[in-house]
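Here are my notes on this model, as numbered points. Please read them with the structure open.

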Amino acid sequence: MGHHIRLIWKFLRASVQQEIAYPVNFVISLVYGLITLAGGVIGIEVLFGQVDDVRGWTFASTLAILGVFMSISALRGLFISPSLDALAGMDGDVWTGRLDYVMLRPVDIQFLASVRQWRPFALIDLVLGLGVLVAAVTQLDATLSAGRIAAFLALLALGMLVMYSLLLAFAGMIFWSPGFLFGWVFDGLFQMARYPVSLYPAGVRLVLTWIVPVGVMTTIPAQALTGDLAPEMAFGSLALAVALFVGATVLFRTGVRRYASASS
C-alpha cells in the first residue's frame with residue numbers, strides 16, 4: 001500500500017509540474033468552471049421560476065444535485081479521465097502502441113492506468129461544486145444530522161465508484177473495438193444526471209438508475225442529503241457499485257490480455 005501511495009504522489013507531483021508550465025490553463029479552467037456553474041444555476045432558476053416544486057423536488061434539493069454533479073465531474077476530471085484517456089483515448093497508448101512500454105513496468109496495469117495522469121486545475125471545479133452544495137444545504141428546510149452527512153458521503157463515494165467502474169469498462173472495451181470511443185456516448189447520458197432522474201419518463205428513469213446508472217451518482221447522494229432516500233435504494237446502490245466494479249475489473253483485465261502488442 002505504501003508503495004502505491006508513493007507512486008500516486010510522484011504521479012501527482014509530475015502532473016502539477018506539467019500543468020503549472022502553462023499558467024493560462026488556470027484562467028481557462030476558471031472561466032470554463034464559472035460558465036458551467038452559471039449555466040447550471042440559470043437552468044434551475046428558470047425551471048423553478050414558475051413553480052415551487054417539480055415531482056417533490058424543490059429549488060434547494062435540485063441545487064444539491066447540481067452540486068453533486070459538479071463535484072463528481074471535477075473528481076472525474078482530476079484523475080480518472082486523464083489517466084484512462086491516456087490509455088484508451090484518441091492518441092492513447094492502445095492506439096499508438098505505447099502500451100507495450102506501460103505493460104513492461106513492474107506495477108499492476110489497472111492501478112497504473114487509473115492514477116498516472118492528474119489534472120490539478122480540476123480542483124477549481126471541485127471548489128465550485130462544493131460551494132453549490134453548501135449553498136443548497138443552507139436553503140434546505142431540514143437540519144442536517146451527523147448520520148445524514150455520513151450517509152451522503154458514503155453514497156457520494158459509491159457514486160464515484162460507479163463512475164470509475166463505467167469508465168474502466170469503457171476503457172477495457174477499446175481492446176475489442178479500438179475505433180469506437182465509448183466514453184463519448186457516456187458523456188451525453190451523464191449530462192442528464194444534473195437533474196433529478198424522477199423528472200424523466202418512467203422508461204428513461206429506469207435506464208438512468210440501473211442500466212447506465214448516472215442517477216446513482218447524483219440523485220441518490222442528493223436524496224441522502226435531503227433525507228428523502230429510501231433504505232432499499234441505498235442498499236441497491238451499494239450492490240450495484242460493487243457488481244459494476246467487479247465486472248469492470250474482469251472486463252478490463254480480459255481486454256488487456258487480448259492486447260497483442262503494436263509490433264505483432
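Which residues in H2 meet which residues in H3? The points below start there. Keep in mind that this is a predicted model.

1. **H2 against H3.** On the H2 side, the residues are Leu 37, Gly 40, Val 41, Ile 44, Glu 45 and Phe 48. Their partners in H3 are Phe 59, Thr 62, Leu 63, Leu 66 and Met 70. By class, this contact has eight nonpolar, two polar and one charged residues.

2. **Geometry of that pair.** The axes of H2 and H3 come within 10 Å. They cross at roughly 160°. Angles over 145 degrees count as roughly antiparallel, so H2 is roughly antiparallel to H3. The crossing of H2 and H3 is right-handed.

3. **H2 against H7.** H2 covers residues 24-48, and H7 covers residues 122-139. The two pack at an angle of about 25°, with their axes 9 Å apart. H2 is therefore roughly parallel to H7. This crossing, too, is right-handed.

4. **Who meets whom in H2 and H7.** H2 brings Phe 26, Ser 29, Leu 30, Gly 33, Leu 34 and Leu 37. H7 brings Ile 124, Asp 125, Leu 128 and Val 132. By class, the contact of H2 with H7 has seven nonpolar, two polar and one charged residues. Leu 37 is listed here and also in the contact of H2 with H3.

5. **The buried residues of H2.** Ser 29, Gly 33, Leu 37, Gly 40, Ile 44 and Phe 48 are buried in H2. Their spacing deserves a look. An α-helix has 3.6 residues a turn, so residues three or four places apart point the same way. The cover over the buried residues of H2 includes S1, S2, H3 (59-88) and H7.

6. **Length of H2.** H2 has 25 residues, which should span 36 Å at 1.5 Å a residue. Its end C-alpha atoms are 37 Å apart, so the span agrees with expectation.

7. **Arg 55.** Where does Arg 55 sit? It is in the loop between strand S1 (53-54) and strand S2 (57-58). Arg 55 is not a glycine, yet its phi is positive, about 50°. Most residues other than glycine have a negative phi. Arg 55 counts as exposed because its relative accessibility is 56%, and the cut-off is over 50%. I would like this residue flagged in the text.

8. **H11 and its end.** H11 has 13 residues. From first C-alpha to last it reaches 19 Å, close to the 18 Å expected at 1.5 Å a residue. The helix is mostly covered, with 13 of its 13 residues buried. Gly 227 follows H11, and its phi is positive, near 85°.

9. **Gln 223.** Buried or exposed? Gln 223 lies in H11 (residues 214-226). At 18% relative accessibility it counts as buried, since the cut-off is under 20%. Beyond its neighbours within four places in sequence, Gln 223 is in contact with Trp 57, Asp 228 and Leu 229.

10. **Ser 165.** This residue belongs to H8 (residues 146-173). Ser 165 is buried, with a relative accessible area of 1%. What does Ser 165 touch, not counting residues up to four places away in sequence? The partners are Ala 241, Leu 244, Phe 245 and Ala 248.

Note on methods
Residues numbered from 1 in each chain as written. Predicted model: local features only at pLDDT ≥ 70, side-chain atom pairs only at ≥ 80, totals over all residues. Heavy atoms only, no water. Helix = DSSP H or I, 4+ residues; strand = E, 2+ residues; numbered from the N terminus. Buried < 20%, exposed > 50% of the residue type's maximum accessible area, 1.4 Å probe, protein only. Contact = heavy atoms within 4.5 Å. Expected span 1.5 Å × (residues − 1). Axes fitted to C-alpha atoms, helices over the stretch in contact; angles between N-to-C directions. Parallel < 35°, antiparallel > 145°, perpendicular 65-115°, else oblique. Left-handed = near helix turned anticlockwise from the far one by under 90°. Nonpolar A, V, L, I, M, F, W, Y, C, P; charged D, E, K, R; others polar.
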